Each structure stands twice: as C-alpha cells, then as structure tokens.
Amino acid sequence: MTRTTFPKGFLWGGAIAANQAEGAYNVDGRGLVQTDVTTGGSVDTPRYTTFIDKDGKPGKVASMGHMGHIPEGAKFAVLEDYYYPNHDGVDFYHRYKEDIKLFAEMGYSVFRLSISWARIFPNGDDAEPNQAGLDFYRSVFEECRKYGIEPLVSIWHFDTPLSLEERYGGWTNRKLIDFYVRYAETIFKEYKGLVKYWLTFNEINGTIMFMEFGGDNVPDKAYQDAYQHLHYQFVASARAVKLAHEIDPDYKVGNMICGITYYPATCDPADILLNEHKWQQNIYYCGDVQAKGKYPTFAKRLWKERNVELDITEQDLIDLREGKVDMYTFSYYMTNNVTTHTGEDLVGGNFSHGTKNPYLTYSDWGWAHDPSGLQYYLEKMYDRYEIPMMVVENGLGAFDTVEEDGSIHDDYRIDYHRAHIKAMGAAIENGVDLIAYTTWGCIDLVSAGTGEMRKRYGFIYVDKDDAGNGTFDRTPKDSFYWYKDVIASNGQKALEE
Ligand code: BG6
C-alpha cells in the first residue's frame, strides 16, 4: 500500500515577491517603492536608502526599519552613482510566461507571488487604479490557470508606495489603513474567480524583530513607532479579511509571519524566561492578533517596558475580532539561540540574530540549518491556533557554480529541502493540518536582505550578477528535476530518500 503522509490535494509550489523579481520598476505607470531607492549590499555591508536632502545634497542612510530614517526635509531619490538591484529584478515582468511554463513543468499546483501596490495605485491613494497594472496581474493569473496552478497572492511584500511614505510618513499614520483597504478591495473584486488564496502582509512581525539590531540603544520612540505601525497594519489586515469574505465567501485569507524557532541557549532559568519573552514579542504578538482577533495579555507588558501608548479605538478592536485569518502562514529558514549570558559567538539570520548553536551547521550567510526547528514550529503553532497552516517560504541562499556545459549541481539545496520536507511530513503525521509548501524562491531573485544575486535560492538559475550584468536567461538546476519528482510523488520521494 502506498503511504500518504502528505494529504491528497496538498499544494506544492514556490514563491517570489514583486519587488525582488519583476524589475520594470518605472514601466507602465508603476509608482516607486522603497526598494527602488535601496542600493545593493552584501553579507557584511548594509543596503542604503538614498535621498536628496533639503539643501539639494545627495545622501544615504542604512535601511533599518524604524531605526533608520532619511533626514527631515529630505526626499527619497534614485541617484546616479549607485546601483539599485531591484530596478531590473530578474525581469519577471517581461518573462512571466516563460517562468510560469517552467513552474508548470515542475508540476506546481500553487505559485506564491505578490501584487505591487504601486502598479495598481502608483501613489497609493490615486482616484482610479492604473489599468496597465491590473491587466498585468490578470494576465499572470490567467497564465497560472492555464496550467492548473493556484495563485497564492501577497497583497503587500515590503512595498508600500513611496509616495505614501513621503506624504503621510508611512504606516505610523492611520490614513494608511483606508488606502490599503481600498487597494485590497480593488484587487479582491478584480481577480474574483482567478485567485482564491490571499495573504495580507508579508512577514508582518519583521517590524518588531528589526529592533534587535539596535541592541540596548534603541530609543522608546522607535518602539512606539513600530508598535503603532503594527497596530494600523493589524486593523488594515482585519478589515481586508472581512471584505474578502464579503466579496467572495470562497476566499481564504492568511497572515504571514517570519517564523523563527527560538531556543534557550542554556538551562539557566533566566534564559528560559528570556526565550519565552522572545517568542511572545517576535512571534506570538502578531500571530495572536491576526489568528485570535485580539491582543494577548503579555502585550501590556511589552508596551509598558518601552513606554508605548497606542492609538487604538473601540472600532479597531471590533475589526480585529471580526477579521481573523483563515490560515496561519509563515516563512521558515532557521533557528536562533537566546541567552542572558555574554561572550558567546553571535550568528545572524532572517531579521534576527542569536548565539551560535554547536549542534547545527550554518549557511555562507550565517543562517542555521535546522529542519527540526520547522517541525517544532509547526507543532507549536498548530497547537496554539488550530487552523490550517502553510509554509510559504523555505529555502537555502547559496553560491551556485555554472559548469562548462551550463549545468548547475546544487545538491546542497536538494539536501536542505529534503530535510525540511521530512520535517513537514513528521509534523503532519503528528496531526498538523499543513496544506501547502511554497519554496523560496522558485527562481533566483534579488535578495531582500543584501540585494545580492549571488545569494541564490532558486531551482531555476538566472544569468544576472551583482552588478546587473548578464543575459537574464533561465536554466533549470539539478534541484528543478529533483523537486519535479518530489511533487509527482506527493512528497514521498523526499520522505523515502
Ligand atoms: C524573507 C522575505 O524575509 O526572506 C523574502 O519574505 C526574502 O522577501 C527571504 O527574500 C530571504 O531573505 P534574503 O535576505 O536572503 O533575501
């Protein structure tokens, strides 16, 4: 008898984001977003946001969420002497038919992508949507449908229109809620019948996780802004969920959390407590509001610790209650160790850092390789929320070598995915209702953290380097053929290897 660990109809696929893949940043009426004024960086050089100051002088500031602002009176600007890797992305905008055909060849039943708000409303609050933007995504979704691929659409993937940042100060302004909801309503109506699965905000908890990078010196004002920003996004998300269900009762809407599994580095009780508080602040805070529809008890402690006083109305609390998500979706790359002790070796990670775990190996960018952490996260979160789950990002950023004959032997990437698929299988056997897996990214794209191309995640190689040179030609890697067989066997191949 064939074993069926992964349920029938399990969604297998991959994921990309508009700003990292599409390119065509100033084409067909699209407005600017922050990544368009963000330079390339590397594992040890930050990306910079560029601007012209009030006296007309060019400048740059390290891109650091609520800790790095452009100076008072400055305007975001694309400057001549810098390279902006997202401007071209990997040209998905012009090559989506070729790319979706390749995804179909791998056997995808789901493809996660994001809509760029600034293609639909170039300034974020325009009177009418931009027809060229609406047409582009319609064509992308129709192409997916042609192959029986279900689109899984992020409404926001780190790309608030820059004009909203400039005129309203971004998400610390309540007005952004209405602008977002109008954008969401437009696309919910426009793509009814073409899209079923939606995600409101990509890695919404990144805003608070970012604070760790400032160490003990982060001012309370930065926390005030971060928590207020999050509150307005929670309300926007909840109102969008409610609206989605009204527009089409078949719509399924999820949150999207940057999923990190935190471990206490020692059995010192102080480490255990600190670790639990880390889960509360970085993981549960956003997950609880979006999946349970209310702030958790510990929120009051978090706000008090930083003298945060939030603008929260009675109507907001009603909206949160009525706009609970249908599924818990998250990215998973790695784990981090938490300790109160000093003098340990530090390592980095996705929006986070911690002490080095002697039981794990690390990628060239310092991210821990820990499939058990994924099983742990799935079981812990399913127990907490009891709603269907999706792993919507998981992958290995690695250097790839193109052989003389053009082939790319990425067995390290196959090993990474095999181990994580086994971990998902174990969680499913233990009762977790996991319904989808979209690897990051199905095709090489611009790294969000470093802006590099050489930090490659794809099963499809893109000929573009860190300076933007290359043909942009696509070549399947060994992992492409391996994943194709995994999908054809509904995961059994990976479980049995
Ligand atoms: C997640 C993001 O943080 O991780 C993606 O949702 C990002 O946009 C991915 O690309 C991997 O991170 P990085 O920095 O290696 O691109």
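How many bridges join strand β2 to β4? Two bridges join them, and the strands, of which β2 covers residues 48-52, run antiparallel.

## Basis of the description

The model is predicted, and local features need pLDDT of at least 70, while side-chain atom pairs count only at pLDDT 80 or more and totals for chains, interfaces and linings use all residues. Residues are numbered from 1 along each chain as its sequence is written, and side-chain values use heavy atoms, with hydrogens and water left out.

## The sheet

Three strands form an open sheet in the order β3-β2-β4, with antiparallel pairing. Because β3 (58-62) and β4 (75-76) stand at the edges with a single partner strand each, one side of each is left without a neighbour in the sheet. Strands here are DSSP runs of E with at least two residues, numbered from the N terminus, and two of them pair if DSSP finds at least two bridges between them. Within β4, K75 is the bridge partner of I52.

## The ligand and its surroundings

Of the 16 residues around the ligand, those that come nearest are Q20, E203, A448, K455 and Y457; a residue is near if one of its heavy atoms lies within 4 Å of the molecule. By class, this shell has seven nonpolar, six polar and three charged residues, where Asp, Glu, Lys and Arg count as charged, Ala, Val, Leu, Ile, Met, Phe, Trp, Tyr, Cys and Pro as nonpolar, and the others, Gly among them, as polar.

An oxygen atom of the ligand is 2.5 Å from an N or O atom in the side chain of Y457, and for the side chain of Q20 the corresponding distance from a ligand oxygen is 2.7 Å. The protein covers 97% of the 380 Å² of accessible area that the ligand has on its own, by the Shrake-Rupley method with a 1.4 Å probe.

How values were computed: Helices (H or I, at least four residues) and strands (E, at least two) are DSSP runs, numbered from the N terminus. A polar contact is a pair of N or O atoms within 3.5 Å; within protein, one must be able to donate a hydrogen and the other to accept it, and residues adjacent in sequence count only if both atoms are side-chain atoms.
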